[in-house]
Amino acid sequence: MANHKSALKRMRQNQKRRLRNRMRKTRVKNLVKAFEEAVQKKDLATAEARLRAAQEFIDKTASKGTLHWRTAARKVSRLYSKLNFLKKAS
């Protein structure tokens, strides 16, 4: 347990950041899952809309430092490849 005033403040800040980062990562997972459900149902219009929402939030999360920029790029790239595969199939 921290004893100094500055260490106590640092603990509070770290707790806030941890919760904020966890919230963002959970939202990224939920957006990706929603996109993949649309792909599985072969609903192209819904998949494209959900992909745009997911990409926007993933990029924002990476810019805040919650996700590494390469991780974000990899996630978006995989989503686009799934969408392109769906387009070719239909």
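**How the helices pack**

Analyst: In this predicted model, helix 1 and helix 2 run roughly antiparallel to each other.

User: Why are helix 1 and helix 2 called roughly antiparallel?

Analyst: Helix 1, residues 5–40, and helix 2, residues 44–64, pack at an angle of about 160 degrees, with their axes 9 Å apart. Angles over 145 degrees count as roughly antiparallel, and the pair is therefore described in that way. The crossing in which helix 1 passes helix 2 is left-handed.

User: Which residues make up the contact between helix 1 and helix 2, and how do they divide by class?

Analyst: From helix 1 the contact takes in Arg24, Arg27, Val28, Leu31, Val32, Ala34, Phe35, Ala38 and Val39, and these meet Thr46, Ala47, Arg50, Leu51, Ala53, Ala54, Phe57, Ile58, Thr61 and Lys64 of helix 2. By class, the residues of this contact divide into 13 nonpolar, two polar and four charged.

User: How do you know how helix 2 is oriented relative to helix 3?

Analyst: The angle at which helix 2 and helix 3 pack is about 170 degrees, and their axes are 9 Å apart. Since the cut-off for roughly antiparallel is an angle over 145 degrees, helix 2 is roughly antiparallel to helix 3. The residues of this contact divide into 13 nonpolar, one polar and four charged. Among those in helix 2 are Leu44, Ala47, Leu51 and Ile58, while those in helix 3 include Trp69, Val76, Leu79 and Tyr80.

User: What makes helix 1 roughly parallel to helix 3?

Analyst: The axes of helix 1 and helix 3 come within 10 Å and cross at roughly 10 degrees. Angles under 35 degrees count as roughly parallel, and that makes helix 1 roughly parallel to helix 3. Here Val28, Val32, Phe35, Glu36 and Val39 of helix 1 meet Lys75, Leu79, Lys82, Leu83 and Leu86 of helix 3. Seven residues of the contact are nonpolar, none is polar and three are charged.

User: How do you know whether Leu51 is buried or exposed?

Analyst: Leu51, which lies in helix 2, has a relative accessible area of 2%. The word buried applies under 20%, and Leu51 is therefore buried. With residues up to four places away in sequence not counted, Leu51 touches Phe35, Leu79, Tyr80 and Leu83.

User: Why is Glu37 called partly exposed?

Analyst: Glu37 is found in helix 1, and its relative accessibility is 38%. Partly exposed covers the range between the limit for buried, under 20%, and the limit for exposed, over 50%, so Glu37 counts as partly exposed. The C-alpha atoms of Glu37 and Ala47 are separated by 8.2 Å, although the two residues are ten residues apart along the chain.

User: What makes Gly65 count as exposed?

Analyst: Gly65 lies in the loop between helix 2 and helix 3. Its relative accessible area is 55%, and exposed means over 50%, so Gly65 is exposed. Gly65 and Arg17 are 48 residues apart in sequence, with 11 Å between their C-alpha atoms.

User: What is the phi of Lys42, and why is Lys42 called exposed?

Analyst: Lys42 has a positive phi of about 60 degrees, although it is not a glycine. For comparison, most residues other than glycine have a negative phi. Lys42 is placed in the loop between helix 1 and helix 2. At 64% relative accessibility, against a cut-off of over 50%, Lys42 therefore counts as exposed.

Note on methods: Residues numbered from 1 in each chain as written. Predicted model: local features only at pLDDT ≥ 70, side-chain atom pairs only at ≥ 80, totals over all residues. Heavy atoms only, no water. Axes fitted to C-alpha atoms, helices over the stretch in contact; angles between N-to-C directions. Helix = DSSP H or I, 4+ residues; strand = E, 2+ residues; numbered from the N terminus. Parallel < 35°, antiparallel > 145°, perpendicular 65-115°, else oblique. Left-handed = near helix turned anticlockwise from the far one by under 90°. Contact = heavy atoms within 4.5 Å. Nonpolar A, V, L, I, M, F, W, Y, C, P; charged D, E, K, R; others polar. Buried < 20%, exposed > 50% of the residue type's maximum accessible area, 1.4 Å probe, protein only.
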